Each structure stands twice: as structure tokens, then as C-alpha cells.
Amino acid sequence: MSSPFAALRRRLTLAGGRAATTAFDLVRRVPEGASALSARVVEPPLAHHAIGERVAWTDDVAFLDGTQHIELVGYIGTDPVIAAVVRAAVRIRRDRRTSIAAEAVRRVVVGRASALAALGRSVEPYAAIPIVTDDPPHPVHDLERGHAVVDRARASLEASVAKTFRAAHDCWLIADGTLALSPDWTTDRRMIGVVKSHGVLPFTGAELEVYLTLPAAHRTSVFAIGSRPDAAIHAWALRLWPWDRHDLFHGLVRVEVAAGDGSLSSADRLSRFLLAERSPVTSQPRADRLLYGIHDVGRYLRAREA
Amino acid sequence: MTMIPLGQVVATELRPSTPHQFHFWTARDAILGIGTIVRVEGDGRVVFGVVTEGFAYADLARPLDAVIGADGDPARAADEPTLRTEIRLWSAAVLRQLPEEPLQPVPFGGVAAASDRDVRIALRMDAYVTDESSTGIPVGVYAAGGLSAPVLLDADFLLGPEAAHLNITGVSGLATKTSAVTFLLTSIFQTFPVSKGTVAAVCFNVKGPDLCFLDQPAPLGEVDLGLWQRLGLHPVPFADMTVFAPFKADGVNLNTLRTNDAIVDRVEPLVWGLREVLDYAEVVLNRDDVDAKADALIDFLAERVVGKRYEAKELRDAPFEVLSFADLDVFFRAIFDHLETGRGGEVWRTHHVATIRKIRNRLGNIATRSKGLVTDDGAANDLPWGAFRDRSLMVVDVAGVDPLAQDLVFARVISKLREHLERRDLGVDHVVVFVDELNNYAPADGPDTYVKKMLLDLSERGRYLGLVLFSAQQFRSQVMRRVVGNAGTTVFGRMDADELAMPGYATLSPAVKAKLAALPKGELLLRHPHFTQPVFVRFPRPAALSGREGVERFPPSPDLPFGDAVVRRLKALDPGVAADQVRAAIDGRPDDEVRRALSATARRRPDDVLAFFRGCLRSTIAAAPVGPRRGITRLARDDDDPFAPY
């Protein structure tokens, strides 16, 4: 369907801008209030680096992802009680086909301690996790806090599954999201975090423009993120698909690896590998940033849930 | 018994399980395909099904995603580091449920490949193949995933009386139809229960040498021998076979491709006289001819004239003895002479001259177009009516004769079979009649010919008599529906795609149709009253030579000159007959006379062939030497006679 804003887009282009066509709702998924992430360029200056032709991994590669199904199940008084099933799995790819390598599931009930106490043993086999806060009860805010508790439960489960996997395999493990979720991950030299969300940006000003206008098949200079020097993460942005006529974030991911002597030299090589992982293209809304292997794990977990 | 699952039943709102159909998924590399029989267990039920459709798809939502993923370059599609997740989804039609009542949707259980025993139960063969008794006729093996399970037809539903007849459809040129029927006849002869009576087969050979060498052994490979063994059959050709073939127009050379001296002993001439033809005269009359007046004249000839002394003083003083077409023509000529002289007007004994001329033309036409089949001497050589032997095969070779004569042969042979079976005096209890190219004889459209009506009658009522029709054609859709519809057992070989597009095949799934369109030689899709769904079977190569092989191994002898042909035929009766003596005996005699003698000798099969043959020739008066003409004795000269002329 033709857009009523075609002429406006043309004028924007004439004015030196870049037209975008991504649906507004998809752009809005970036949380409001996005702030800068503390980052230090370790491969100065911050610039665009061509990475060359994509190269497919031939060795075994594994993918890690987690899902959560969360529902408000009721109230004790006015205190909300939510329940969730969180799942995490690692699927390993051998000879271009994936299979399950490790997985775990956890069922939790989250609420104010008083609400959980009122429920007693009736919540079994669900694990009861209290909302810890000094703030007075507020049904809306408690829902948000409960959601955050479930998020942490899922992150914890992902870390646990990754640990199980790592105990038996030493191949590259690609996680959906930041490595900062687990201290183990920030020191795992064979782990890569692929961050699709850009609610938190590492730069501002001119550097931000450099960061966000990265051409396709290019990476940015490597920068360090994280507050603890002993658990620093090296990261760079990688553009998987051209963003022209889409939006600034189209095909843009942040790649994270454990900081180390080899992280700078391996940035190009890993980027070429990851560039190859952009296909097959999934049919998900954020297909431009979603690696098929990650998508495969998510689908597996959703199928298990069903 | 622990079931090794091959797949799992799945049902969605769009693809639910029903009592007659279900769907299941398998691993990508599971060994099964269209036609595989599977077993489902669940909820205390066992369900057997046959795979009718297969689906494979990946998680690709739009083809455009594949293009984008490969950067628009098909060669780069192989570079994708991860193969898309894909599914093998199968649809199966239910063959049988246990318990059978109440009939319920197929449970969501595990799916396993059927075992040998499962196949027997799934196809309900357990009803007629038991340790105590069996009416099973092996037709082939169901082969899938390393399993090779015999499939048997129920004799009661193949040869009657419950159901009967078999129809086979398949493209020409692969010899599948002929091979299948040949193999099945062998199987019937070897396994038809003695308690069910005796059986023989009459096959009409309508093309080339197709069925002419079924008594000659064919070399078989290990695979075929294994199939024969698996089916419990002996790979042997037909031991008791006779080929019946008319003569060519010369009346001495047989009109068949089985004329090699080494095997000609099993070939019998098929010769009919006026009586045999007149009984089936309506076969050669078209719709316009069939009227009450023509019928009346034919009846008059059959009942009052042919084979009798018929007196008609107005035609001639001497009575007529009409035994042959030549005699009949003399009779007709006498009528026309009588009418043309004005003594009888336009009507002779209530028959109008136009009707008489029409019947004369039609009957004369038979004699002309069927020369070789129809003899002029009135003596017939026919199938052994009343003396059919159990497990004997008679091949009636009409491949080289005129279509009109073919119709005549079909009509007479089948009618005679029916007559004898009705009287129970044929010699056997069941006769299988094999007719190839059925679309020629019982076409879906076109006029109602006698042959068509006769085939319809055979298909509808034959099973009560033990008269069973095995028929074959390339295009089932072009055959009269009631004829093929009455076939209890239906077989499909490789099919033409255009034919499969006809409405009659709507019950077959697209995958089954696709398999049929590329079916290898030796495989068939089989439908039988006991089988809820059609199943694919593989049958071994027949143990008898095919027509092509037979002609290569036994090349037909070239047509011989009249005299040599007579010698050959007499030598076939007695190899000790001296050619010179035969030639001396027939030298200077009319061909018709020699043919009559030869025919009589062949019928009688005397101990002393040559003597009998000579005896059949008309006796001749030895020629006396003629000396020089003597003239009148010259008178002695008498000079004293004054009146002497000189």
C-alpha cells in the first residue's frame, strides 16, 4: 500500500536525511527513556570497519535463548500474584542441523511475601519468589516489579543451562542478549552475546551518529562496556543488513565477547561469522537482527511450552 | 510386542483425525513413502493405514525471505549455515481399525511400519488365509522398508461367486498389463483350491505375439526368483497350453507369429464353417441391418436350409444341401434367378429380394474378410468344447485377422463358453477369459455392438456361471463404465497423466496419482473388495516368455508356398511324412480339394497321416497313354476296278 508520506520522504532525502520505511510500532519497541551505556573505545577512534565477505562456521556452534510465559493469576487482598513458566535451552548445530543440547524449565509464583505466605503450600510445585521492596504495596507497580523478578529468574535459568552446556562442550555459544547477565559469561572466551535491543546506547553525540550510521557488513571499533574492570566486556556494533529506507536500527546488533587479549583481533573474524548467520531469514518481526539459530531455540521452547 | 515408532499422529483443527484418515509426522530420514502401510496404537485401539500423501515444508513464511537470505543468488542459498527446520508430514487412509466398533477417529498414538502380520490383518486377509484353509491367490508382495509381505486375493472374490472379474489399466509398451495377467493366471493355476473346482483360461491375443509363448520358460533373475519364492509359487510356464489361430487367406499358412517349427505342435487351426458363423450372424450386422425381416431370413436359413436337405422345386428340381458358403451362394443365386426371370416377383417365400440381397452381402462379406477363419468346406476346427482340461490355457490368436473377424471370434467363443458353463458340460467349473484392449470392444461411447453387449452381460452375470472376465486397456475412462465397474478387482499399472486427470480417478490422492504416473515395471496399484484402500504391490516377472522374447527366440517361419505349407502341416502331425510323397499326392490338384483333405487329416489325426490324407483326396483315373492316330486303313489299289478313286 502506498504511503501518504512519500513526498515527505523525498523532501527528507533531499535535505540530506535518510528515508525510513519501518513500521512505527516496530521502532517504538525501543523502550522510552533509553540512556547511554558506559563505554570506552579500545580500538580508537570510533569508526566503521569493513569486515569482508561473510563466512559460515563449519565447526559446531551452539545457541542459547530463554522464554517466559507470565500471567496475572489473581490477588491476595489487593496484592497481585503472578505466575510464570521460564524456560531456557541450548541447541547445538552440527552439519547445518540443530538439535537440543541442554534445557531447563522453572515454574514460579511471584508476589508480595505476605501474599505468598497466604497461599502457603498450595502453590507447589511452583517456586515462590517474593517481591523484595521497601515501597508500599501498589498493584500496578508490583506487577512491574513481579515482571522484573520473572526476568531475573529467566536470566538465572539461562545461566544455569549455559553452565550445563559448557560442562560438556567447548564450542562457540551464542547467547541472545548481553553477556552481562552472568559473571560466568563475561569470562567465557568462547561465548558471544548478540544484543538486538538498543534501548541502551553506548555513545552520544557525534560518536552516536557514527555508531548508528554503520553501513551493512561493517562493524564499529571495539569498545569496552561494564563497570568492573575484572569483568569487562568488549563489544562492537555490527550491521547485518543495509538500513537504507528502513530505520537506524535495521540490521544493527551489538556483539559482546569477554574482554581479553584476542578480542580485538577476533572482531573481524567473528563479525564475518555472524554476518553469515543472518540467513536463513526468519519471519519474525525483528528478523533483521534475529539470528536463525537463536530463533530456532526460541521456537523450540515455545513448542515445548505448547 | 514393543512398537518402534516411526512417527506420531498429529491432528489440528484444519487437519483432524477422522475414522477414515489421519496425519502423522516422522523424522526427515524415516524410510516410508506413498503406499507404505503403517500401524497406529493408542487409546486401546490399533489402526492400520496406508500412506496416501506426503508433505514437507520448512519454516519459510515467504519465498521472498529465501531470496533475501541468499542475496538474490541461488548459488548462495547453500551457504546458509543452518538448514531450516523442516517437517515430513504424511496423510494416511485407514485400512482397518481394531476393534472395528465403535468406529472412532484415529487416536493420537505412535506410528510404526507394518509388520508381515500387520499387513495380513490390515488388508483383512486373515478372513480368507488361515492355517486351516485358504482361498488366497498370491498377487504380489507389499514391499516397504525392507519388508516383503505377500498379498493375496480372495478366490471367492476374484473368480466368483461373491464377486469376480479383474480389470487392469496401464500405458502400453511396458508389458505390465500382459505380465500381470500372465503372472496372476499362473498363480491361480497353482493355488486355486481344489475344493473350489476346476479352472481353465481362454486368452485372446489381439496384438502381435503377446501371448503366444506362455508355455516357454523365461530366464529369471535372483530378485524375481526371490519374489516367486516369497509368494510360495513355482516359477514355471504354463504346462498345458494350446494356441488357436486361423489360417491366412491361402488356407494353409497359420495366421500367427508362433509358426516356428520347434513349437508349432501346440498350435491348432481355428476354422469355422457356415453353421458356426450363421449362429452369430448378428455379430456382423450393424444397427441398420438388424430388423425383423433380416432376423426372419437368418432364422429361416439356420433352421430350414443350412445343414439340411432343402427342397424348393420352384428354384430347381434337386434339393439343396447347403454346407458351405459356396453352397449358400448357389442357393442365393438360384433365388435371384427365380425372381429375375419374373416368375416370383420381388418376394420369395415371404422374404423380399432386398432383404435377401442384404443378408447375402453381409454373409458373403464374412467369408471374404474372414478368409482363413471361415472355411468353405463346412468342416470346423474349434476349441475343445466339453473337453476343457483343468489348469489348461487356450490362447486364441486373432492378432492378424480383420476386426470383423475378431468380433466374430469374441462373440462365438464367449457365447459358447457361457452355453457350456450354463449346462455345466464345459469340462471345467471356472473359465477366465482375458481380453486386452477392452476399449476397442466395449468402448464408453459408440454404438451398442453385439460384442459390447456380450461383454456387459459377461461382466454382470458371468460370476454366477464361473465365467470370469480379466480385461485390460490403456484408458479405463474410454471403456464402458458398467463393464469395468463390475470388476471386483481393479489393477493400475503405470498410468498416463492425462488419463489420471479424468474424473474417475478423483478418489486417488495427488501423490498416489504421481506415483502411478511413474510406476516402475512390475509394480501395481491394487484394489480388491477386502482392501479398504488400494495398495501398491510388486509382482515377479512371469516365468513364461513375453511375446517379444518369444519371437526373438523362436522366429516365425516365413510363409511357405502352398505345397510346402501342406508338407509342413502334415509333418507337424507326423514328422515321418515324406515331402516328396506329399507333393506327388497334391500335384495338379485344386487348392480347395487339398485344403479339405488337410483339414480332415488334422481333425482326425490318424495313425497313418499320409495314407489318410491321400484317401481324402478325390480318386483319379490313371491317364492311359494315347498312341498316334491310326486313321482308316488305306485301301489296296485295284487297277482293274474302273470305279476306283485313284
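Two residues are in contact if their C-beta atoms, placed from the backbone, lie within 7 Å. On that basis, residues 24 or more positions apart account for 64% of the contacts in chain A with a separation of 6 or more.

## Model and conventions

This is a predicted model: local features need pLDDT of at least 70, side-chain atom pairs count only at pLDDT 80 or more, and totals for chains, interfaces and linings use all residues. Residues are numbered from 1 along each chain as its sequence is written, while chains are lettered from A and ligands numbered from 1 in the order in which they are written.

## Chain A: content and confidence

Chain A contains seven helices and twelve strands. Both are DSSP runs, numbered from the N terminus: helices are H or I with at least four residues, strands are E with at least two. Of the 306 residues of chain A, 42% count as buried. A residue is buried if 20 or more other C-beta atoms lie within 10 Å of its own, exposed if 12 or fewer, and partly exposed in between, with C-beta atoms placed from the backbone.

The average pLDDT of chain A is 88, and 89% of the residues score at least 70. The pLDDT is the predictor's confidence in each residue, from 0 to 100. Over residues 28-34 of chain A it is below 50. Beyond near neighbours in sequence, this stretch has six contacts in the model. Where pLDDT is low, the predicted coordinates should not be read in detail.

## Chain A: two loop sites

Val222(A) sits in the loop between strand 9 (218-220) and strand 10 (223-225) of chain A. Val222(A) is buried, with 23 other C-beta atoms within 10 Å. Leaving out residues up to four places away in sequence, Val222(A) touches Val42(A), Glu43(A), His234(A), Trp236(A), Ser263(A), Leu264(A) and Ala267(A). Val42(A) is 180 residues from Val222(A) along the chain, yet their C-alpha atoms are separated by 5.7 Å.

Pro280(A) belongs to the loop between helix 6 (267-276) and helix 7 of chain A.

## The contact between the chains

Chain A gives 15 residues to the contact and chain B gives 13 residues. On the side of chain A that touches chain B, strand 5 (97-111) and helix 7 (292-305) of chain A each supply at least two residues. Helix 7 of chain A provides the largest share of that side, three residues.

By type, the residues of the side of chain A that touches chain B are six nonpolar, four polar and five charged. Ala, Val, Leu, Ile, Met, Phe, Trp, Tyr, Cys and Pro count as nonpolar, Asp, Glu, Lys and Arg as charged, and the others, Gly among them, as polar.

## Chain B: overall form

Chain B has 20 helices and 22 strands. Its radius of gyration is 34 Å, well over the 26 Å that the globule rule gives for 646 residues, so chain B is more spread out than a compact globule. The radius is taken over C-alpha atoms, and the globule rule is 2.2 Å times the number of residues to the power 0.38. Along the principal axes, the C-alpha atoms of chain B fill a box of roughly 150 × 65 × 55 Å.

Buried residues make up 43% of the 646 residues in chain B. Among contacts in chain B between residues at least 6 apart in sequence, 75% join residues at least 24 apart.

## Chain B: a helix pair

Two packed helices are described by the angle between their axes and the distance between the axes. The axes of helix 17 (residues 562-573) and helix 19 (residues 591-604) of chain B come within 11 Å and cross at roughly 10 degrees. That makes helix 17 of chain B roughly parallel to helix 19 of chain B. Axes are lines fitted to C-alpha atoms, for helices over the stretch in contact, and angles run from 0 to 180 degrees between N-to-C directions. Angles under 35 degrees count as roughly parallel, over 145 as roughly antiparallel, 65 to 115 as roughly perpendicular and the rest as oblique.

Helix 17 of chain B makes the contact through Phe562(B), Val566(B), Arg569(B), Leu570(B) and Leu573(B), and helix 19 of chain B through Asp591(B), Val594(B), Leu598(B), Thr601(B) and Ala602(B). These residues divide into seven nonpolar, one polar and two charged.

## Chain B: loop backbone

Arg424(B) has phi near 55 degrees, a positive value in a residue other than glycine. Arg424(B) counts as exposed, with 10 C-beta neighbours inside 10 Å.
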